[in-house]
Amino acid sequence: MDRRDLLKSIALVTGAAVIGGDFFLTGCKQAGKSEAGFTPDNIRLLDEVGETILPTTQTPGAKAAQVGEFMKVYVTDCYTQRQQNAFMEGLISLQDSCEKMHGKAFTDCSETERKEFLISLEKEAKAFNQKRDEEDKPTREAHEQRNSTLPWKDQTEFEGSPSHYYTMIKQLTLLGFFTSQTGMTETLRHVPVPGKYDGEFPYAKGDKAWAE
Amino acid sequence: MNLNTNAESQNTYDAIVIGSGISGGWAAKELTEKGLKVIMLERGRNIEHIKDYVNANKELWEFPHRGRRTQQMIKDYPVLKRDYPLNETVLDFWVKDKECPYTEIKRFDWYRGYHVGGRSLMWGRQSYRLNKWDFEANAKEGIAVDWPIRYEDIAPWYSYAEKFAGIQGSKDGLEVLPDGEFMPAMELNCVEKEVKKRMAEYYKGKRHLIIGRSANLTQPHYDRINCQYRNRCWRGCPFGGYFSTQSATLPAAMKTGNLTLRPFSIVTKILYDKDTKKATGVEVLDAETNLTYEFKAKIVFVCASALNSTWVLMNSATDIWPDGLGSSSGELGHNVMDHHFRAGAKGRVEGFSDKYEYGRRPTGIYIPRFRNIYDDKRDYLRGFGYQGGAGRGRGVEVAEFTIGADLKDALSVPTEDWQIGITAFGEMLPYHENKVTLDRNTTDKWGLPVLAFDVEIKENEKKMRIDMMNDAKEMLEVSGVKDVETFDHGYAVGMGIHEMGTARMGRDPKTSVLNKYNQVWDALNVFVTDGACMTSASCVNPSLTYMALTARAADYAVSELKKRNL
């Protein structure tokens, strides 16, 4: 499978196009800060959240793939300022929400508590993103309307409001894991130099998918 | 300006080749093999075969952003960011947009590769012959001007080019897509074979699905190793598995001992002698030192890529023709073409869950043109061919709010069903008013004037796009594909990266820039053999035609030199 498949499947699983590095048409967005404000604690937290989303099974999980470290790099370099802010503020909300639900920090929760919490967050994210889409719609339409009256070089890209922070975290967990060495070689199958092509290769149910 | 005037003897060659991409590489190979001393001038840096393919063997996890794009990249590449070329794995191979701006009166996506090898390193490698109708259509329909050549003129040169380049493909015996000298074809996968069969049945042999013919080796060839099915061609192939200047034409030219390759050499103009009505050489701006040099030669091959070749002509002999060498017809810079695409259909194929693919095939399927040929007649001219493929994606059938081991497992296996998708590539007509001009008010990093683009698709292309979607849907549906959806992702001219026209070939110096051997009418020792020369666009990928036309022109140039006609 190639990366487009990966992005497509992440989009389907999280209900939103993968954030960062879109095919922007026009205009220069303000790039994010060089230091988005990640701390070692943030990264540990993201590793744990990631591990709940994609745990160690017969093969290593998100923590082994260092998805927290990947998120730091990706959010810092590939997110816009607005998306970055939403992500960083989201890390605080995540901790607060977990305290509210279970009366303790995410990292102190049991596996069942963690899952319960993240599923509730995902429901919250779904509602949040839907509301965001509805609210963005008139602004987006007005923006496109204005663009259509402008000469090509004066048109600008519409930047919608950021998705819910959990949508971002889940997307980056999937992206980071399935492009990591362990994800590609242990959870998936990877052959760097196949040497030949077989278009009728036998497949038995449960066989792993090819990485890239 | 610093003129290096005392170097005349050491700067004199038999031939100058401007540009080192597909056409320039072929010109250098042919001319040196025929014994000429040649200098190939490349405006960008050198990229050495294998050694400089820095990302060729990297795995995705070795890229900090896993191959995606950063905000900094988006800022630095205002053009490249508009489509797939901008990504972390191939960034080195594309031009730095900001150093080389251009003016867009209308949007034009110009994806350029300024280095040795040009876009031969990043091309799609699809290799098709134009057919006999392609060369006749303009005359029959009263569009633009007639091609000065017919299929029979170029056919032997297609064979010649294919044998050297190494093109894999099947012989299908189709008038619409002439067979060539092919290496054994890459294999269709099981789903593609089934769709091919069903399509052939339904359309009673009038529509065909074949393997995409491509410049990927299926057998060792000269010093090159056959394709290893990594499908990472665009990062440079350490096996030489696909045709590029570096893997094929440059080593052949170097082997003769007759080639000098000079990177960082921006040709600013062709030097023209009005008494002999010939070019005497070129002026070069060294991109690193900003020093100016002159190189002299008996013949000049302009292979700088379509629009840059025209830019060089526009800057040349302006004391005689204000709009440049080759502008006497009023057609220089006009008739810009590309292939319009990104419209088609896709769907799901059931019943092949016990099959998968092994290896990453660097080509897909091709469905040759079927519109407006034989007894088919549409409300637009010309037609389109489809490119695409079938494959089995990865688990996306995940229930809402699934996390944990269930999610991981679901995403670790392929989808139950295969998917198939096809995208049409349509012919764009040559319109006089679609043009590039020199914008002298805007300059690049070196203070040189830039091109201004005023190009658009018109009614003919827009009507065609409707068929491009609907025909795709019909063909997939009659082949048993489920949940077929059409798409039109939108097209801006240039996105096809098949820039053509602006110095067209023709039969009459009053209406064309080049004659039937790609000679500039106004300076017969100047040959333009890249996409600029195209009189019409056909709907097939054009690079193989540039190879054939370049080899043909080089052969003619040398025979004329021998006869002392040049």
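Reader: Which share of the contacts in chain B with a separation of 6 or more comes from residues 24 or more positions apart?

Author: The share is 71%. Keep in mind that this is a predicted model.

Reader: How does the radius of gyration of chain B stand against that of a compact globule?

Author: A compact globule of 566 residues would have a radius of gyration near 24 Å, and chain B has 24 Å, so the two agree. The C-alpha trace of chain B spans about 75 × 55 × 45 Å along its principal axes. Of the 566 residues in chain B, 57% are buried.

Reader: How many helices and strands does chain B have?

Author: Chain B has 10 helices and 21 strands.

Reader: Take strand β11 of chain B: which residues lie on its two sides?

Author: In a regular strand the side chains alternate between the two faces of the sheet. In β11(B), residues 299-302, one side holds I299(B) and F301(B), and the other holds V300(B) and V302(B). These residues are all buried, and both faces of the strand are covered.

Reader: What strands does β11(B) pair with, and in which sense, parallel or antiparallel?

Author: Strand β1 of chain B, residues 15-18, runs parallel to β11(B) and is joined to it by 4 bridges. Strand β21 of chain B, residues 523-528, is also parallel to β11(B), with 3 bridges between them.

Reader: In what order do the strands of the open sheet with β3, β18 and β17 of chain B stand?

Author: The order is β3-β18-β17, and the pairing is mixed. β3 (103-104) and β17 (435-443) of chain B are the edge strands: each has a single partner strand, so one side of each lacks a neighbour in the sheet. β17(B) pairs with β18(B), residues 449-454, in the antiparallel sense over 6 bridges. Within that pair, D439(B) stands opposite V450(B).

Reader: Which phi value does K277(B) have, and where does this residue lie?

Author: A phi angle is read together with the residue type and the place in the chain. K277(B) is not a glycine, yet its phi is positive, about 60°. The residue lies in the loop between β8 (265-273) and β9 (278-286) of chain B. K277(B) counts as exposed because it has 12 C-beta neighbours inside 10 Å.

Reader: And where is N372(B) found?

Author: N372(B) is in the loop between β14 (365-367) and β15 (384-391) of chain B. Its phi is near 60°, again a positive value in a residue other than glycine. N372(B) has 19 C-beta neighbours inside 10 Å, so it counts as partly exposed.

Reader: Turning to the contact between the chains, how many residues does each chain give?

Author: Chain A gives 58 residues and chain B gives 51 residues. On the side of chain A that touches chain B, the elements that each supply at least two residues are α1 (3-14), α2 (40-53), α3 (67-78), α5 (111-149), α7 (181-187) and β1 (198-202). The largest share, 7 residues, comes from α1(A). By class, that side of chain A has 29 nonpolar, 14 polar and 15 charged residues.

Reader: Which strand of chain B does β1(A) pair with?

Author: β1(A) pairs with β13(B), residues 355-358, in the antiparallel sense over 3 bridges. In this pairing, D198(A) stands opposite Y358(B).

How values were computed. Residues are numbered from 1 along each chain as its sequence is written. Chains are lettered from A and ligands numbered from 1 in the order in which they are written. This is a predicted model: local features need pLDDT of at least 70, side-chain atom pairs count only at pLDDT 80 or more; totals for chains, interfaces and linings use all residues. A residue is buried if 20 or more other C-beta atoms lie within 10 Å of its own, exposed if 12 or fewer, and partly exposed in between; C-beta atoms are placed from the backbone. Two strands pair if DSSP finds at least two bridges between them. The radius of gyration is taken over C-alpha atoms; the globule rule is 2.2 Å times the number of residues to the power 0.38. Two residues are in contact if their C-beta atoms, placed from the backbone, lie within 7 Å. Ala, Val, Leu, Ile, Met, Phe, Trp, Tyr, Cys and Pro count as nonpolar, Asp, Glu, Lys and Arg as charged, and the others, Gly among them, as polar.
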